[in-house]
Amino acid sequence: MTLLLKQLFNFLKLLNSDNGTNQLAMGMSLGLVLGFAPFISIQTAIVLALIFIFRVQMGAAFLSAFFFKFVAFLFDHPAHLLGKVVLETSSLKSLFVTMYNMPLVPMTRFNNSIVMGSMIVSFLLFPFAFVLFKKLILKYRVSVVAKFKDTKYWKAFTATKVYGWYCTYDNLYG
Amino acid sequence: MTEQIQKPAKKIKGPIRWEAIVPFLIISLVIGLYFHFFFDGHLRRGLEWAGYKAIGAEVNIGQLKTSFFNASLRIQNIEITDAEKPTHDSLKIGDIRFSMLWDALLRAKIVVNEAAVEQIAFGVLRKHPGKVAPPDPVSNEPGFAAEQAAKLKAEALETAQGQAGDNVLGDLISLLGGTDATAQLEKLQDSMPSKAMLEAFDKDLKAKQAKWDEKLKTLPQGKDIQALGDRLGKVKSKDFKSAQELQTSLQEVDAILKEGDGKFKQVQSVAAELQSDLQVLDTQYKTIEVQIKTDIRTLEQHFRIPKLDAKALTMAIFKRYLSPYQAKFNRYKALAEKYVPPNLLTKGKSNDDEIPIQPHPRETGISYEFGRPNSYPLFWVKRTGVSSQAGLSPEAGNIKGEILNITSNQALIGKPTTALLAGDFPDKQIMGFLFKLVMDYRKSESEIDYSLKVNSYALSGKDLVQTPDVQIAFQKATGSMDINGKLLGLKNLTLNFANSFSQIDYAIIAKNEIADQILKAIFQGIPIVTLNVKASGILPAVNLSVNSNLGPELQKGFEKQLQAKIDEARKKVQAHIDQEIGKLKAQVDAELSKLKGQVEGKVKQTQSQLDEQKKQAEAKIDLAKKDAENQGKKQLEQQGQKALDDLKKKFGL
């Protein structure tokens, strides 16, 4: 829990700083894929591994996954219809037969209509989501963070000792 | 003044999180340690809990061992408590072990080449009594209470019927002893519903009679109809001097006719009312006749007048013997109803009013199986070897057999699931046990064939009938059993259960000496007793038919002694009914027919009188019309003759 909270604080800190735009955008995009994937599946394990191995912002990824899980829930029926169409396409049948009998691939549960539909949607949205999240973060920093830092309240707060202590702590342990 | 805090320039980190290696290794180690030290124990307790929840009786697992690298599982000393006898296990299995193929596991499938089940024992005494789940608490869901009440009522009725069946022999024997029912019959005379109904009907009938007497008085009487006839007689119907006179007569007849019509309609409406009243009385009377028959049956039951019927006698003898089997069947049926998916079993009647509100389930989608010849199905246990050696424990048996192809997709592997187990339990004197099972789901309608044979098993001290009047038991006997049947579409069940008992040492005691002699003579003449049970029907409603060679023999044996007594008792009951109700019934019959005759006669008479007057009036009108026509013709002829005469005069002819 502490680790999770730390990740969330880091996410907020990074979001309000000038650095790590790509890490945040990638984390949120991978969170989208995570949200659309079933909890027990190999693609979830792969995405989690990617999040852990690469320097992707974990807090952003988990927050995004939490949000997109609800979106995926609402998207179940259209995903089922899309997956059904794909899985019933006769030209793809031989490919699916091969995939189904290959090692590890069946662990993606691609043979389920909802999983297949959600997987297609999440993979298609992934690059667009990355670009969109990056733009939104930049815009947020310009239109919200910069303006907020210009306010007298913030300036007054940064002049306090509490903020000084926080900065010292952040330099040492952050 | 703000103090500017100078942050030291941080070293830019690469894209890979190298610093996570150590935490990752620690987490992996913790997981590894958990699986090594704790997982088996948790899985064992989980399985025990799941087993208790599913079966409703304590399940114990002695030892459980899993191996990740071998993908294997070994469970030892599985004990399933007998819910009806918690001090004993219903089943004990010494060892179950299997290992899954990693090749299949990597494809998200479970395939077991060979599983082994060893050391099977039944009815083993437990170290401590097992826990048995209490019955489900009564739910407050709407409609549930009514459902439960109906269920309890049905169960109570079934129990009462069962007890009645058990008492058939007792009734026969008490009748054989002879009982005087006359005194009791007198006490019962006021408690016959049919008598009360007849009295109420008689009262009703009398009220109706008074009402109809009043109603008949309002009907046109003979003098009224005669007055109409007299008026009609006075009306002129010929020799009209003028058209005015004719018209007056016609108007007079028309008025009489209308008056007659009104009276006729009044009679008709009364006749219709009478008809409907008579119909109601007839219906009430029929209900009373049905009640009289019910009363006769009730009296026969009250005085325990038995039926000398082979089937009823068979049920009476074997009810106690079959009830444990029936209880087991009901228990497994309840388990099937609980766990088999609703689309496979009909669970109760669909009643839109009683559908409970429930959240909409999340979409589950369709899972496709893209199999190909020789590929793995989702689940497949190719062979399960079953073996058990008698002697290792007193309750263990010699069992050898195999279960082949337990799978989630029979069509893919092209084989049905089969089981063949054979052996014996020497300690329990069960010899020549053979169990065969074929479960074929490849067809559109699944087919399960099963058969169980036991060449011989020992019976001792088996009570068949235990009533205060009679006790019959197999002190010692050797039984053999053959059960076979089919289950189609997991719904349509047929079962044939053939049981025979030989080398029987009977224990028969009857209070009545004659009964004692009869029963001993009958049973001594039957060295082999057969019992055949046939069940068929759509689950859960299964019809049972029980037959035995004992039934006809008992019927024959008792018939000579008892038929006359039964007939005599029946006659007594009939006479009592006749005495109590017959007089009243005859009186009511007479009153009813009198009322019918009286009222119907009166109505018919009035109707016919009115009809007569109507005909007379119509004849009068016809006569008047004809006369008027004749007179008109004559006038025309006279006028024509006069005109001709005038013309002749004009021309001087």
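Is B:K311 buried, exposed or partly exposed? I looked this up first. B:K311 is partly exposed, because 15 other C-beta atoms lie within 10 Å. The scale I used calls a residue buried at 20 or more other C-beta atoms within 10 Å of its own, exposed at 12 or fewer, and partly exposed in between, with C-beta atoms placed from the backbone. B:K311 sits in helix α9 of chain B, residues 310–339. I also checked B:N549, which is 238 residues away along the chain. The C-alpha atoms of B:K311 and B:N549 are 10.0 Å apart.

**Ground rules**

I am working on a predicted model, where local features need pLDDT of at least 70 and side-chain atom pairs count only at pLDDT 80 or more, while totals for chains, interfaces and linings use all residues. Residues are numbered from 1 along each chain as its sequence is written, and chains are lettered from A and ligands numbered from 1 in the order in which they are written.

**Chain A, overview**

I counted elements next. Chain A has nine helices and zero strands. Helices (H or I, at least four residues) and strands (E, at least two) are DSSP runs, numbered from the N terminus. I noted that 31% of the 174 residues in chain A are buried. I then took the contacts in chain A with a separation of 6 or more. Of these, 81% are between residues 24 or more positions apart. A contact here means C-beta atoms, placed from the backbone, within 7 Å.

The mean pLDDT of chain A is 86, and 93% of the residues score at least 70. pLDDT is the predictor's confidence in each residue, from 0 to 100.

**Cores**

I looked for nonpolar cores, meaning sets of buried Ala, Val, Leu, Ile, Met, Phe, Trp, Tyr and Cys residues joined through C-beta atoms within 7 Å. The largest has 33 residues. A:M28, A:L30, A:V33, A:L34, A:F36 and A:A61 have the most contacts inside this core. α2 (21–36), α3, α4 (58–74), α5 and α7 of chain A each give two or more residues to the core. α2(A) gives the most, nine residues. Beyond its neighbours within four places in sequence, A:V33 touches A:V47, A:S122 and A:F126. A second, separate core has 23 residues, including B:A316, B:L464, B:F474 and B:I508.

**Helix α4 of chain A**

I tested the length of α4(A). Its 17 residues should span 24 Å at 1.5 Å a residue, and the end C-alpha atoms are 25 Å apart, which agrees. The expected span is 1.5 Å times one less than the number of residues. Buried residues of α4(A) include A:M58, A:F62 and A:F68. A:F73 is also in helix α4 of chain A. A:F73 counts as exposed, because it has 11 C-beta neighbours inside 10 Å.

**Where the chains meet**

I turned to the contact between the chains. It takes 28 residues from chain A and 24 residues from chain B. On the side of chain A that touches chain B, α5(A) supplies the largest share, six residues. That side of chain A divides into 15 nonpolar, 10 polar and three charged residues.

**Chain B**

I found 12 helices and 13 strands in chain B. Of its 653 residues, 19% count as buried. I traced strand pairs, which need at least two DSSP bridges. Strands β2 (residues 72–82) and β3 (residues 85–100) of chain B pair antiparallel over 10 bridges. A hairpin of two residues joins β2(B) to β3(B). Seven bridges join β3(B) to β4 (residues 110–121) of chain B, also antiparallel.

**Positive phi**

What is phi of A:R109 near? I read a value near 60 degrees, positive in a residue other than glycine. A:R109 lies in the loop between α6 and α7 of chain A. A:R109 counts as buried, because it has 20 C-beta neighbours inside 10 Å. B:N405 also has phi near 60 degrees. B:N405 is in strand β6 (residues 398–407) of chain B.

Key. Two residues are in contact if their C-beta atoms, placed from the backbone, lie within 7 Å. Ala, Val, Leu, Ile, Met, Phe, Trp, Tyr, Cys and Pro count as nonpolar, Asp, Glu, Lys and Arg as charged, and the others, Gly among them, as polar.
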